Amino acid sequence: MHFHCFYFAEGKDAALAELPAILGVCAANLKILASKLMKQMEKLEIQNSFLKKRYEITEELAADLEEHLAEKDLSTADLKLLAAKLVEQREAVEEWDSQLRKQYEKLDSRAANLKKQVEKLENEIEEVEKHLNKIGIRAPNLKLHMAELVDQAEAVEKRKSELKSYLTNIGLRAAELKKYIAALEKRIGALETKELGESSPNQSNTGFPMA
């Protein structure tokens with residue numbers, strides 16, 4: 001959402017005197033945008049908390065599989081089946097993770113746009129106050145009017161930074177989980193190869209003796 005607030009030229013005193021009201025509308029619109037962004041980020045945070053739980057469940061399943069490997073209480077076929085389900089679970093969580101990251105990128109872009117527009121509005125207010133003072137019109141304290149908007153914009157930036165940090169950490173966690181599961185699959189593959197190797201001599205002894 002973009003707001004084009006105003007353009008002014010020296011000598012147009014009447015139009016200049018109306019600018020504070022126009023700037024007030026611009027500030028109000030930006031406050032609405034900031035409020036919407038905060039709500040969207042809060043929703044994303046809730047989704048991220050669910051994502052974290054899904055990762056934790058997947059990690060627990062991986063730990064269970066490793067325990068079965070250590071205890072040797074399941075057949076290789078059962079271990080392979082569990083590993084396949086685990087990979088499927090991990091891929092589903094990663095897909096969800098990817099979707100949330102796309103949502104974050106959109107919010108990041110909107111937050112950057114908000115920050116830019118707030119900075120522009122602050123500069124415009126400063127210019128308007130200077131021109132009003134020059135022509136002897138008492139300038140309303142527009143900077144006080146901006147205070148709430150600036151606070152909102154800063155809150156959006158802080159929340160955005162927290163989300164970025166969280167997604168970075170969960171990304172590292174996801175990478176470690178992927179490596180962990182791959183290592184378990186490798187161990188199961190090695191176990192299967194070993195079992196096949198041990199059964200081969202027995203199978204060769206079942207044939208008919210050579211003449």
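Leaving aside neighbours within four places in sequence, which residues is Leu61 in contact with? Leu61 is in contact with Leu86 and Gln89. Contact means heavy atoms within 4.5 Å.

## About the model

This is a predicted model, where local features need pLDDT of at least 70, side-chain atom pairs count only at pLDDT 80 or more, and totals for chains, interfaces and linings use all residues. Residues are numbered from 1 along each chain as its sequence is written, and side-chain values use heavy atoms, with hydrogens and water left out.

## Leu61 in helix H1

Leu61 lies in helix H1. Helices are DSSP runs (H or I, at least four residues), numbered from the N terminus. Leu61 has a relative accessible area of 39%, so Leu61 is partly exposed. The cut-offs: buried is under 20%, exposed is over 50%, and partly exposed is in between (1.4 Å probe, protein chains only).

Lys85 is 24 residues from Leu61 along the chain. Their C-alpha atoms are separated by 9.6 Å.

## The loop and Asp73

Asp73 sits in the loop between helix H1 (13-71) and helix H2 (76-134). Asp73 is partly exposed, because its relative accessible area is 47%.

## Thr76 in helix H2

Thr76 is found in helix H2. Is Thr76 buried or exposed? Thr76 is buried, because its relative accessible area is 8%. Not counting residues up to four places away in sequence, Thr76 touches Ile188, Leu191, Glu192 and Glu195.

How values were computed
Helix = DSSP H or I, 4+ residues; strand = E, 2+ residues; numbered from the N terminus.
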